[in-house]
Amino acid sequence: MRGFLTSSPGAPSTAVASIGVACVAALALPLLSLPAAAAPARPSEARGPGGTRSLPLAPLTRERVLGTAPEQGLYRPSGEHFSLVGVVWDDPDAELHGSVQVRTRSATTRKWSGWQDVETHNADHGADPGTAERDARRVRGATAPLWVGDSDGVDVRVRGVGGGARGGHAAGVVARGGPAVGPEPPLPSGLRLELVDPGEEAPPEGSPADVPRTGLHMDAARAASAVNMDIAGFGALEIPALGRLATEQELARLAGPVAAKPYIGPRPRIVTRRGWGADESLRERGFVYTKKVKAAFVHHTASGNKYTCAQAPSVIRGIYRYHVTGMGWRDLGYNFLIDKCGTIYEGRAGGVAKAVLGAHTRGFNSDSTGIAVIGSYGATKPPGAAVTAVARLTAWKLGLYGADPRGKTYLTSGGGNLYPKGKNVRLNVISGHRDGFATECPGKRLYAELGTARSSAARYQGR
């Protein structure tokens with residue numbers, strides 16, 4: 001039952017890089033075109049092809065004179081176009097001890113927002129230590145991304161630990177356990193503000209606007225679609241929902257006959273990467289797989305809740321571009337994303353039914369899948385539709401590998417701040433990010449809903 005979901009039947013349980021049969025098949029389809037789409041899966045508020053502006057932050061004169069906590073910033077009152085922001089720095093192992101706040105000017109109303117906090121603790125997301133993706137020279141430290149909507153002006157302040165609030169800035173974050181002792185840690189070197197324009201959905205192949213999207217882009221787009229051809233049509237905008245019987249028949253077709261009736265939830269509707277408008281030229285070529293999926297880690301994106309469901313594809317394109325061009329990952333870190341209305345989206349490329357290696361839970365990416373609910377759920381209760389979508393997705397995805405959503409499993413740590421590398425750890429089959437790494441993710445309110453998700457997923461599986 002495992003072989004159909006891996007890149008090769010003899011692949012070890014640790015991650016293996018492989019283009020795989022589906023990818024090879026895709027690159028062998030030069031005469032095929034992706035089907036033209038009459039309309040994107042959802043409307044987008046963004047305009048143009050998208051892009052990222054990476055701007056260096058500068059020390060602020062007042063702090064240099066007064067000798068207070070280090071602070072860097074940038075003020076651009078107009079002239080930009082972006083919808084998502086984040087701050088990155090050179091060393092991915094360096095921590096930002098302090099706070100990041102940003103205010104933006106709406107491109108529609110020309111009014112400035114209030115100051116918003118950006119989540120600075122983001123090292124818990126990422127590839128496992130010692131892997132090719134984690135050790136790549138382009139990888140950077142970074143804050144979480146923040147969705148700000150269509151904007152054309154920005155004002156950002158990064159303040160080190162110990163500084164008082166001033167001009168709308170919050171006081172510096174103090175280390176857990178009490179006030180900081182000794183010299184204040186410096187801010188990481190190479191601080192830069194990333195202004196991300198998510199762009200619009202890619203136009204249908206062959207349209208005049210698609211002329212630049214040829215060559216490597218179209219090869220990568222074909223490859224991303226081809227790896228889902230075992231369950232969806234080539235170039236599909238979405239993978240349609242199936243009933244229970246049809247899902248069981250599909251499982252038998254993919255995995256071969258099984259002795260007993262399988263426990264698997266009906267396949268939910270999933271918007272593909274083409275459906276949300278992924279620019280496939282951004283990511284690295286090929287796909288990376290593990291042998292199986294034993295657990296699902298639930299996350300929140302910590303990108304804020306000020307988005308509409310119609311904007312969700314734009315938010316995903318922004319996070320994707322931030323993960324790849326800002327943070328230096330090979331692709332979007334999460335395997336799946338879910339918006340506040342419960343729509344499920346394909347994340348990292350490689351095939352939604354396959355054991356694709358993600359970069360979502362540092363230390364536990366192997367043999368797991370990462371599901372991110374778009375938004376911030378520390379103080380905000382997640383919508384019921386999103387929790388239901390987590391249950392439906394895990395009932396199907398875990399069912400492909402015979403996993404019980406209410407059960408426990410063992411995963412081997414790849415190294416993190418809770419468990420040393422090589423330790424065999426017993427975890428819930430549906431776990432929160434904080435179960436594998438000391439972090440607030442997926443937020444207190446979303447974490448509290450995981451019990452409901454487990455019982456619902458088991459019920460969808462027929463247990």
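Modeller: Helices (H or I, at least four residues) and strands (E, at least two) are DSSP runs, numbered from the N terminus. In those terms, D367 has its place in the loop between β16 and β17. The whole protein chain comes to 10 helices and 20 strands. This is a predicted model: local features need pLDDT of at least 70, side-chain atom pairs count only at pLDDT 80 or more, and totals for chains, interfaces and linings use all residues. Residues are numbered from 1 along each chain as its sequence is written, and side-chain values use heavy atoms, with hydrogens and water left out.

Colleague: Why is D367 called buried?

Modeller: Buried means under 20% relative accessible area, exposed over 50%, partly exposed in between (1.4 Å probe, protein chains only). D367 has 10%, so it counts as buried. Its backbone stands out too: D367 has a positive phi of about 60 degrees, although it is not a glycine.

Colleague: What makes the peptide bond from C441 to P442 cis?

Modeller: Its omega is near 10 degrees. Most peptide bonds are trans. P442 lies in the loop between β20 and α9.

Colleague: What makes F364 and Y419 an aromatic pair?

Modeller: Rings of Phe, Tyr and Trp (its six-membered ring) pair if their centres lie within 6.5 Å. The centres of F364 and Y419 are 6.0 Å apart. They pass.

Colleague: Why is this pair called edge-to-face?

Modeller: Planes under 30 degrees apart count as stacked, over 60 as edge-to-face and the rest as tilted. Here the planes are 85 degrees apart, which makes the pair edge-to-face. By this rule the count comes to four aromatic pairs.

Colleague: How do you know that the pair links distant parts of the chain?

Modeller: F364 and Y419 are 55 residues apart. F364 sits in the loop between β16 and β17, and Y419 in the loop between β18 and β19. Ring pairs also bring in F297, giving a cluster of F297, F364 and Y419.

Colleague: What is S413 in contact with?

Modeller: Contact means heavy atoms within 4.5 Å. Beyond its neighbours within four places in sequence, S413 meets that test with several residues, including F364 and Y419. S413 is in the loop between β18 (408–412) and β19 (424–428). At 4% relative accessible area, S413 is buried.

Colleague: Why are β11 and β20 said to stand at the edges of the sheet?

Modeller: Two strands pair if DSSP finds at least two bridges between them. The open sheet has seven strands, in the order β11-β12-β16-β15-β17-β14-β20, with mixed pairing. β11 (238–239) and β20 (430–432) each have a single partner strand, so one side of each is left without a neighbour in the sheet.

Colleague: How do you know that β14 and β20 pair?

Modeller: Three bridges join β14 (residues 295–300) to β20, and the two run parallel. That meets the requirement.

Colleague: What does helix α10 lie across?

Modeller: α10 (residues 450–460) lies across β14 and β20. It runs at about 165 degrees to β20; angles run from 0 to 180 degrees between N-to-C directions, with axes fitted to C-alpha atoms, for helices over the stretch in contact. Among the buried residues of α10 are L450, A453 and A457. Their cover includes β14, α8 and β20.

Colleague: What makes a set of residues a nonpolar core?

Modeller: Its members are buried Ala, Val, Leu, Ile, Met, Phe, Trp, Tyr and Cys residues, joined through side-chain atoms within 4.5 Å. The largest such core has 63 residues, and W276, I338 and W396 have the most contacts inside it. Helix α8 (residues 384–399) gives the largest share, eight residues. Another core lies apart, with 20 residues, among them W89 and L146.
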